[in-house]
Amino acid sequence: MTFEPYDRPVRAAFIGLGRIYDLNVRGYKDNPDVEVVALVDPDADRRAQRGAEWPGAGTFASAADLAASGLPVDAVEVLLPVPLHVEGVCELLANGWHVNLQKPMCSDLDDARRMIEAANASDRVLRVMENYLFYEPLRKLRATVESGELGTIGGYHMKMVGSGRGGWDVPRSSYEWQFAQMQRGRGILVFDDGWHKLSTALWLFGPVREVRAWVGATPVMAGVELDAPTSIVWEHDNGIRGVWDITLAPEMYLRSDYYTNDERWEVTGSRGYARVNRCTGRGIQQPSLEIYADGEVRAFHALDDDWASSFRDSGRHWLRWLRNGDGPLLWDADAALSVLRFALAIYASSEAGGVGVDPRSI
């Protein structure tokens, strides 16, 4: 791909104005690197509501309407339901627009290849955003690992508890799309939210050579099962092993400004360990990062542990990249493909009774 950075603010459009817009828009507000020129959503009420934030932007019911208008657009923030990703992204790329896509990239490798081929054919950038890589406590965790302060890393553990009470309101229509994903065997915990956890694993310790998984199922209403309890273990190419366990606590209240996930990461080395105590929700009311080494505990109280800030910083990173082309995209399409293979290896292992699966064999 040939890419020329922009010597002016990027002209951007939002494609989809649902619940997740409230998070992604933070990277665009008060940002001199961007000019929001268009908002696209089939819902007229959403267009009116979001349009009040961007009085200079045009509003359109579809991307086709936007393209037909002739309004100049450089890049689009794509906030579509996952089942609409492949067709939508291919259309947007064909319009000559760079694409910043909400995760998960898609549900299978054929769709991923279609999108990558469309990006290559249009000579445009396809980025699959991953906000967890911009969450400050996790960035500090990674820096601690790389500093050698913990010694030789022996392994790490991720834990997620899905609770049933608390958090913000999510439109029923959003869950209907999730139910459609579940019918395709892509659960909301392992695949949709799990995309974040698998991304952090690859970002922290590199490629994975073997995965073993047991994906469970818990009925929550007629025709709907959540993919827990689930246990997943894997080994990276460098020999470091990871464990991720997912449990449900449907009657537990979790204080959160966003979704009701209680998430934790703990990395153990030969000299000590580091632990991120929370992310999306406000579970453990300890410092967001604690480091134990050489008999002492260091607690980090001043890190920006508001989950929404990771969306802000991811968006700013993308828009700054379009201005200068420096650094990794986090994620580019090939890296996102590795996350997808990781997820598919989990399902392949579970379906085969927990046997080891190399993601690269998928």
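Helix axes are taken here as lines fitted to C-alpha atoms over the stretch in contact, and the angles between them run from 0 to 180 degrees between N-to-C directions. Helices (H or I, at least four residues) and strands (E, at least two) are DSSP runs, numbered from the N terminus. The structure is a predicted model, in which local features need pLDDT of at least 70 and side-chain atom pairs count only at pLDDT 80 or more, while totals for chains, interfaces and linings use all residues. Residues are numbered from 1 along each chain as its sequence is written, and side-chain values use heavy atoms, with hydrogens and water left out.

Helix α5 (residues 109-122) packs against helix α10 (residues 333-351) at an angle of about 175°, and their axes lie 11 Å apart. That angle makes α5 roughly antiparallel to α10, a description applied to angles over 145 degrees, whereas those under 35 count as roughly parallel, 65 to 115 as roughly perpendicular and the rest as oblique. In this pairing, Leu109, Ala112, Arg113 and Ile116 of α5 meet Ala333, Asp334, Leu337, Leu340, Arg341 and Leu344 of α10, where contact means heavy atoms within 4.5 Å. The residues of the contact of α5 with α10 comprise seven nonpolar, no polar and three charged; Ala, Val, Leu, Ile, Met, Phe, Trp, Tyr, Cys and Pro count as nonpolar, Asp, Glu, Lys and Arg as charged, and the others, Gly among them, as polar.

Helix α10 also holds tyrosine 347, which is buried, with a relative accessible area of 9%; buried means under 20% relative accessible area, exposed over 50% and partly exposed in between (1.4 Å probe, protein chains only). When residues up to four places away in sequence are not counted, tyrosine 347 touches Gly185, Arg186, Gly187, Val190, Phe191 and Asp227. The C-alpha atoms of tyrosine 347 and phenylalanine 191 are separated by 9.4 Å, although the two residues are 156 residues apart along the chain.

The axes of helix α7 (residues 172-183) and helix α8 (residues 188-205) come within 10 Å and cross at roughly 115°. This contact is made by Tyr175, Gln178, Gln181 and Met182 of α7 together with Ile188, Phe191 and Asp192 of α8.

In helix α6, the buried residues are Pro137, Leu138, Leu141, Thr144 and Val145. Seen down the axis of α6, these buried residues fall within an arc of 115°, so they line one face of the helix, the arc being that of the directions from the helix axis to the C-beta atoms. On the other side of α6, Glu146 and Ser147 are exposed. The elements that cover the buried residues of α6 include β7 (153-165), α8, β13 (261-269), β14 (272-276) and β15 (289-293). Threonine 144 has 3% relative accessibility and therefore counts as buried; leaving aside its neighbours within four places in sequence, threonine 144 is in contact with Glu149, Leu150 and Ile291.

Most residues other than glycine have a negative phi, and most peptide bonds are trans. In this model, the peptide bond from alanine 228 to proline 229 is cis, with omega near 0°, and the peptide bond from leucine 330 to tryptophan 331 is likewise cis, with omega near 0°. Tryptophan 331 is placed in the loop between α9 (307-324) and α10. Aspartate 30, in the loop between α1 (21-24) and β2 (34-40), has a positive phi near 55° and is exposed, with a relative accessible area of 81%.
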